[in-house]
Amino acid sequence: MSLVELSGVVREYGRRPSLAGGGAVRAVDGVSLSIAAGQVLGLVGESGCGKSTTGRLALGLETPQAGSVRFAGQAMPPPHGAAWRALRARMQMVFQDPLAALDRRLPIATQIAEPLVIHAIGTPGERAERVAALLRAVGLGPELGGRFAHELSGGQRQRAVLARALATRPAFLVCDEPVAALDVSIQAQVINQLAELQAAEGLAMLFISHDLRVVRQLAEVIAVMYLGRVVEQGRPDAVLARPLHPYTQALVSAIPGKHRGTRIILAGEPPDPARRPPGCAFAPRCRLAEPRCHATAPALRSLPDGRRVACHLVGDDALSTRPAGAG
Ligand code: SF4
């Protein structure tokens, strides 16, 4: 059973009169995703593809104009109401910039305890014990609890943010580019820490990143987004070994040591959700586009191996007849 379920979710923002047609910006356009308890779903795509908005929808921080979001079988309550605030103890988020997420005026230990105070969990003594355990769990020494955010390194700050996110023992965590601001050497440490904690706590996670290399280390399922829609979804080993959507093929070909042939360079500009082309949104940058691609948007279809792909050129026979990495 799904812990978190997004069904046909649409999120639009205000109109831009400067644009021809003045259309609303559709950041998320009919996304359906399901995350089981203890499962990690990696959401990948370029900046502006709608993955962060999807994360906010999954947490109920935003309300979709169409479709539905369910948590533990219940409809997500309206944001910031009493029912939603009560749920927040079970759903947490880790952002890209730990310095922005932390209060510079409060010691780290006080901030890690904050969610426990807000949700009235435990006595002061029990909270202190929990904070000490969380500091240990994220690999921070107890002496660091008395320090302020500016006295920590970038990696230590993100570990502190992670400790605070885990304080209430949430069932669901959204991590939005949690290591993108860290040095590469520190990224690996934080990812490993996150993987250990996820397994130990049985956390369901929506892990958002522009980087497939990072996502594949954690995710049991990868969903690739392009211009507000999921274009391919499947198990990491299958998607990485044999990407079927031309956009996924380009992303995989950019992973060092992963591509067997020539790297596929994406032509054109990154997508602008305010300027959605007719037909397949990827068509202006797709090296395989056909006339029908510019006229009709491909549906997201399920293949026999459980993968889902939205491309006119990928049919039921894709897994047996299409060579890996071929268009
Ligand atoms: Fe490319 Fe056409 Fe497939 Fe879109 S539907 S990804 S344009 S081949």
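At what angle do helix α4 and helix α5 pack, and how far apart are their axes?

Guide: This is a predicted model, in which local features need pLDDT of at least 70 and side-chain atom pairs count only at pLDDT 80 or more, while totals for chains, interfaces and linings use all residues. Residues are numbered from 1 along each chain as its sequence is written, and side-chain values use heavy atoms, with hydrogens and water left out.

Helix α4 (residues 108–118) packs on helix α5 (residues 124–137) at an angle of about 125°, and their axes are 9 Å apart. Axes here are lines fitted to C-alpha atoms, for helices over the stretch in contact, with angles running from 0 to 180 degrees between N-to-C directions. Helices (H or I, at least four residues) and strands (E, at least two) are DSSP runs, numbered from the N terminus. The angle therefore makes α4 oblique to α5 (under 35 degrees counts as roughly parallel, over 145 as roughly antiparallel, 65 to 115 as roughly perpendicular, and the rest as oblique).

In passing α5, α4 makes a right-handed crossing (left-handed if the near helix is turned anticlockwise from the far one by less than a right angle, right-handed if clockwise). On the α4 side the contact is made by Ala109, Ile112, Ala113, Leu116 and Val117, and on the α5 side by Arg127, Arg130, Val131, Leu134 and Leu135 (contact means heavy atoms within 4.5 Å). By class, these residues are eight nonpolar, no polar and two charged (Ala, Val, Leu, Ile, Met, Phe, Trp, Tyr, Cys and Pro count as nonpolar, Asp, Glu, Lys and Arg as charged, and the others, Gly among them, as polar).

Helix α4 also meets helix α6 (residues 154–166): their axes come within 7 Å and cross at roughly 30°. The two helices are therefore roughly parallel to each other, and α4 passes α6 in a right-handed crossing. Ile108, Gln111, Ile112, Glu114 and Pro115 of α4 meet Ala160, Ala163 and Arg164 of α6. This contact of α4 with α6 has five nonpolar, one polar and two charged residues.

From α6 the packing continues to α7, at an angle of about 15° and with the axes 10 Å apart. That makes α6 roughly parallel to α7, and their crossing is right-handed. Gly155, Gln158, Arg159, Leu162 and Leu166 of α6 face Ile186, Gln189, Val190, Gln193, Leu194 and Leu197 of α7 in the contact. The residues of the contact of α6 with α7 divide into six nonpolar, four polar and one charged.

Helix α7 (residues 184–201) leads on to the sheet, where it lies across β3, β7 and β8 and runs at about 160° to β8. Helix α1 (residues 51–58) likewise runs at about 160° to β8, lying across β3 (40–44), β6, β7, β8 and β9 (221–226). The sheet is open and has eight strands in the order β6-β7-β8-β3-β9-β10-β12-β11, with mixed pairing (two strands pair if DSSP finds at least two bridges between them). Its edge strands, β6 (91–94) and β11 (301–302), each pair on one side only.

Within the sheet, β7 pairs with strand β8 (residues 204–209) in the parallel sense over five bridges, and Phe172 has Ala204 of β8 as its bridge partner. The whole structure holds four aromatic pairs (rings of Phe, Tyr and Trp, the last by its six-membered ring, pair if their centres lie within 6.5 Å; planes under 30 degrees apart count as stacked, over 60 as edge-to-face and the rest as tilted). The rings of Phe71 and Phe172 have centres 6.5 Å apart and planes at 45°, so this pair is tilted. It links distant parts of the chain, with Phe71 in strand β4 and Phe172 in strand β7 (residues 172–176), 101 residues apart.

Strand β4 (residues 66–71) in turn pairs with strand β5 (residues 74–75) in the antiparallel sense over two bridges, where Phe71 has Gln74 of β5 as its bridge partner. β4 and β5 form a hairpin with two residues between them, and Ala72 in the turn has a positive phi of about 50°.
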